[in-house]
Amino acid sequence: MSILVVGSVALDSVRTPFGEVEEALGGSATFFSLAASFFNRVRLVAVVGQDFPEEHLDFLRSRGVDLRGLQVAPGRTFRWRGYYDYDLNEAHTLETQLNVFEDFRPEIPEEYRDSEFVFLANIDPVLQAGVLDQVRSPRLVLCDTMNYWIENRRDELLKTISRVDYLLLNDAEARQLAGEPNLISAGRKLLEMGPSRVIIKKGEHGVIMLGEGSFFSLPAYPLESVFDPTGAGDSFGGGFLGALSREPEASEEAVRRAVVYGSVTASFAVEDFSCRRLGTLTREEIDARFREFMRITCF
Ligand code: AMP
């Protein structure tokens, strides 16, 4: 049973009040793959340029990530530069260099088309729909997006969303997409767009999940040392779908457990810059923090 992810693999330059990194490993598909790799096999489809450091490929391989779907195109790798102020919930983009990402048309290798779980990371909704046309009959499709697509590709995004099982987005995106300031009402409106569940990430304030006749709310794991929130959302997605792919069925209890695993995995990702913490993390640490989460949320 495998998980397919299609998204960005990037070189990120990030500054937070606690330090900075230049051209470090990043990208939505990267964070997702590393996070999900603690639970299941991950197949990655993305593009990098010829300048992409071999050591990053070795790192992804060392986590068991299947890179047969990673295209290496002539040109430079996608680059993102951003910063965070003391409010770590808000990323400020300084520069986005699409480079080889500009002409990226995801081609799902034949051997990936039977993937049972699919994560459509934050890319053009038309490309996300193209991925859905190529996979055969996935058990569950989870879809992410961002403000840029909500503003500039709304109709295409709505079409893609109508074809996915679960929608994952942050609070600002949920309000923007639903055109509704109240987050619960926004979540309800998003459910009407087609997905059977909507998961809304609220950064340090946790996450809510809405389904037909169900509602779940979880605080964020109480961390005192957050260094770099980049990739938190994608790490949540990886932990979530990874854990869910190990469950016999997507029952309410199983999906709730997966939300906790997603939150736990994301809580580690933000403890250091770039993907460093995901590189030293172990499954035992994830499980220990999962148990700790149960203790602090029980009443
Ligand atoms: P997150 O913090 O989970 O929302 O995602 C952060 C990652 O998204 C960074 O590692 C960036 O490289 C990547 N990213 C930023 N802008 C874009 C974009 N326009 N398309 C695809 N990926 C992006």
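Strands β11 and β12 form a hairpin with five residues between them, and Gly203 in its turn has a positive phi of about 55°. The model described here is predicted.

**Strand β12 and its partners**

- Strand β11, residues 197–201, pairs with β12 in the antiparallel sense over five bridges.
- Within this pairing, Ile200 has Ile208 of β12 as its bridge partner.
- On pairing with β13, strand β12 is again antiparallel, and five bridges join the two.
- Gly211 has its bridge partner in β13, namely Ser214.
- The hairpin of β12 and β13 has two residues between the strands, and Gly213 takes a positive phi near 75° there.

**Burial of β12**

- Strand β12 spans residues 207–211, and it is largely enclosed by the rest of the structure because five of its five residues are buried.
- Burial applies to both faces of the strand: Val207, Met209 and Gly211 lie on one side, with Ile208 and Leu210 on the other.

- Two or more lining residues come from each of β13 (214–218), α9 (252–269) and α11 (283–297).
- Helix α11 gives the largest share of the lining, four residues.
- The lining includes Phe216, Ser217 and Leu218, together with Arg256, Arg257 and Val260.
- Also in the lining are Phe290, Phe293, Met294, Thr297 and Cys298.
- By class, seven of the lining residues are nonpolar, two are polar and two are charged.

- Glu173 belongs to helix α6, which covers residues 171–178.
- Glu173 counts as buried because its relative accessibility is 9%, below the 20% cut-off.
- Leaving aside residues up to four places away in sequence, Glu173 touches Thr145, Met146, Asn147 and Ile150.
- Lys159 is 14 residues from Glu173 in sequence, and the C-alpha to C-alpha distance between the two is 17 Å.

How values were computed
Residues numbered from 1 in each chain as written. Predicted model: local features only at pLDDT ≥ 70, side-chain atom pairs only at ≥ 80, totals over all residues. Heavy atoms only, no water. 1 Å grid on protein atoms, 1.4 Å probe; cavity = no way out; pocket = protein on both sides within 12 Å on 5 of 7 lines; lining within 4 Å. Nonpolar A, V, L, I, M, F, W, Y, C, P; charged D, E, K, R; others polar. Buried < 20%, exposed > 50% of the residue type's maximum accessible area, 1.4 Å probe, protein only. Contact = heavy atoms within 4.5 Å. Pairing = 2+ DSSP bridges.
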